[in-house]
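Reader: Could you walk me through this model, with the cut-offs spelled out as we go?

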Amino acid sequence: MRASTGSDAITRRNFTLAAAAGVAAASLGGANLAFGQPAASGPHRVIIDTDPGVDDAFALLLAMRSPELKIEGITPVAGNVPLELTLPNALRMVEIANRPDIPVAVGARTPLMRRLVTATYAHGENGLGGAVFPEPKLKPIADSAAVFIRRIVRQYPGEVTIITLGPQTNLATALASDPDLARMIKGVTMMGGSLSGGNVTPAAEFNVYVDPEAARMVFQSGIPVTMVGLDVTRKTALTDAHVKTLEAAGTAVSLAAAKIARNDIDLNRKEGNTSGPNMHDSLALASFLDPSLLTWKPYYVDVEVQGELTAGETLGYRPSESGLRGSAPTLAGTKTSVELRDKFVPNANVAVDVNSARFFELLIGRLARKA
Ligand code: BDR
Ligand code: CA
């Protein structure tokens, strides 16, 4: 297991340079801003970057039950719980789904330049709501997550979508290590951000809050970003009825999902939440499988990285609707973003509404299905 120190490490200077390079790539038209959702055919090559995590675990199980996906690998990162737990949790999900063919590559132990903040209040001390599973027998591959992402993207240029379900440290580290990588990535589908307030602070959503510098690099990389944020994932509370359906199905996958859910529902109630947990990450995954589950709008999204109280806030510019022409100063200086000053060039397709009933039909239906 390795940390994000050493050759993958990012200093503030590197971050500034990498972010600036991303802006340049985008403004040069290096990226194809076609927003990375699947065409009709498949399967689609994806890497799933994740911090399991209750809703991450559901998303991983859903992914491994989805024939539309060719899962090139899974890259756990520190987030909801430390890497020492997200890594074995990811390996456990791969074993439960009986998919030992999927490589798991060890990700970053800390955010790019901040101390790690976890969410054990929502996911339990072990990241799975307190549900206990045996130690995994599967082992991770030798490549780090950043090296793995780079290798697979370069092997299949223009074909790989990165689905990020946690802090985006691994992807940002890969981008910073290889200036040509961004233009070879088909798209990023992310659970993260919010245009309607946060869940850690009034401003910031957890995944972006944990590593805002990484998220900013991704948004400014020129890669078409599909953002599934709290605006829609707040509408995905798992219910007792869903869990009963999973229990009744009686498969290894459905029973594992139900066990995690039962434990986490109890934890949520003890924490004073009257509903949930929300299936944030499963919705992001499902949005890749079936974009028609959601309603989308293009935005230019930027991330606050300096605010003492607002770090990790995602700001969505959409001048045609709001009349906003505000500045989005880059880290390198105070220049107003060209995207906003001269013309509106969106960098993200943002989910603004969701058909929750259809989403749960997909999620619970696939998890409950006999293999
Ligand atoms: C996001 O934060 C994590 O706690 C969840 O797994 C999800 O990825 C929601 O803000
Ligand atoms: Ca997550």
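This is a predicted model: local features need pLDDT of at least 70, side-chain atom pairs count only at pLDDT 80 or more; totals for chains, interfaces and linings use all residues.

Reader: Okay, what's the strand order in the open sheet?

Author: The order is S2-S1-S3-S4-S5-S8-S6-S7, 8 strands with mixed pairing, where strands are DSSP runs of E of at least two residues and helices are runs of H or I of at least four, numbered from the N terminus, and two strands pair if DSSP finds at least two bridges between them. The edge strands, each pairing on one side only, are S2 (69–76) and S7 (314–317).

Reader: And in which sense do S4 and S5 pair?

Author: S4 (residues 185–191) and S5 (residues 225–228) pair in the parallel sense over 4 bridges, and Thr189 has Thr226 in S5 as its bridge partner.

Reader: Switching to H10, which residues are buried?

Author: In H10 (residues 240–249) they are His242, Val243 and Leu246, buried meaning 20 or more other C-beta atoms within 10 Å of a residue's own, exposed 12 or fewer, and partly exposed in between, with C-beta atoms placed from the backbone. Seen down the axis of H10, these buried residues fall within an arc of 95° (taken from the directions from the helix axis to the C-beta atoms), so they line one face of the helix.

Reader: What's exposed on the other side of H10?

Author: Asp240, Ala241, Lys244 and Ala248 are exposed there. After H10 comes Gly250, with a positive phi near 70°.

Note on methods:
Residues are numbered from 1 along each chain as its sequence is written. Chains are lettered from A and ligands numbered from 1 in the order in which they are written.
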